[in-house]
Amino acid sequence: MAPTSEINQHIWQVVSQIPPGRVATYGDIARQAGLGRGARRVGAALRGLPGKTRIPWHRVVNAGGAISLPAGSDGRYRQIMRLRAEGIEVSDSGRISLARYRWDPGITEPAAL
């Protein structure tokens, strides 16, 4: 098993690939990072991000397409605001349409007009 820091780095690299305007689930990231069903491990890696990170942690949501941070928390508010700034529709309850916004790394995003 790789050391924790190497696993975190790999997870962060995968998260860095999520394009603006798209989201991925913790499970999606785990599979892309070769961790199988390691969704909780992805959550732990994201909690360990440095404070001023450029890694788009806000593009990761739970399997139901909802924000996992607690209601009323600063982190939840920041995540919602960042997603909305990228054009992602987020309901007031923190839900996102995975059918519409889920990132599929096997599909090339259309070029900007």
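Visitor: Which residues is His 58 in contact with, leaving aside its neighbours within four places in sequence?

Guide: Contact here means heavy atoms within 4.5 Å, and by that criterion His 58, with its neighbours within four places in sequence set aside, is in contact with Gln 79, Arg 82, Leu 83 and Glu 86. His 58 is found in the loop between α3 and β2, where helices (H or I, at least four residues) and strands (E, at least two) are DSSP runs numbered from the N terminus. Please keep in mind that this is a predicted model, in which local features need pLDDT of at least 70 and side-chain atom pairs count only at pLDDT 80 or more, while totals for chains, interfaces and linings use all residues. Residues are numbered from 1 along each chain as its sequence is written, and side-chain values use heavy atoms, with hydrogens and water left out.

Visitor: Is His 58 buried or exposed?

Guide: Buried means under 20% relative accessible area, exposed means over 50%, and partly exposed lies in between, with a 1.4 Å probe and protein chains only. His 58 has a relative accessible area of 7%, and therefore is buried.

Visitor: Which residues of helix α3 are buried?

Guide: In α3, which spans residues 39-47, the buried residues are Val 42, Gly 43, Ala 45 and Leu 46. They cover an arc of only 160° around the axis, taken from the directions from the helix axis to the C-beta atoms, which puts them on the same side of α3. The face turned away from that buried side carries the exposed residues Arg 40 and Arg 47, whereas the elements covering the buried residues include α1 (4-16), α2 (26-32) and β2 (60-61).

Visitor: Which residues of the largest nonpolar core touch the most other members?

Guide: A nonpolar core is a set of buried Ala, Val, Leu, Ile, Met, Phe, Trp, Tyr and Cys residues joined through side-chain atoms within 4.5 Å. The largest one has 19 residues, of which Ile 11, Val 15, Ile 29 and Leu 46 touch the most other members. Helices α1, α2 and α3 each supply at least two residues of this core, and α1 gives the most, with five residues. Leaving aside its neighbours within four places in sequence, Ile 11 is in contact with Ile 29, Ala 33, Leu 35, Arg 41, Val 42 and Ala 45. A second, separate core of ten residues includes Val 23, Leu 83, Ile 96 and Tyr 101.

Visitor: How many salt bridges does a search of the whole structure find?

Guide: Side chains of opposite charge can pair when their charged atoms come close. A salt bridge is counted when a side-chain nitrogen of Lys or Arg is within 4 Å of a carboxyl oxygen of Asp or Glu, and the search finds five. One of them joins Asp 28 and Arg 102, whose closest N and O atoms are 2.9 Å apart. Asp 28 lies in helix α2 and Arg 102 in the segment after α5 (98-101), so the pair ties together parts that are 74 residues apart in sequence. Asp 28 counts as buried at 12% relative accessibility, whereas Arg 102, at 37%, counts as partly exposed.

Visitor: What does the side chain of Arg 59 meet in a salt bridge?

Guide: The partner of Arg 59 is Glu 86, at 2.7 Å from N to O. Arg 59 lies in the loop between α3 and β2 and Glu 86 in the loop between α4 (74-85) and α5, so this pair ties together parts that are 27 residues apart in sequence. Arg 59 is buried, with a relative accessible area of 9%, while Glu 86 counts as partly exposed at 23% relative accessibility.
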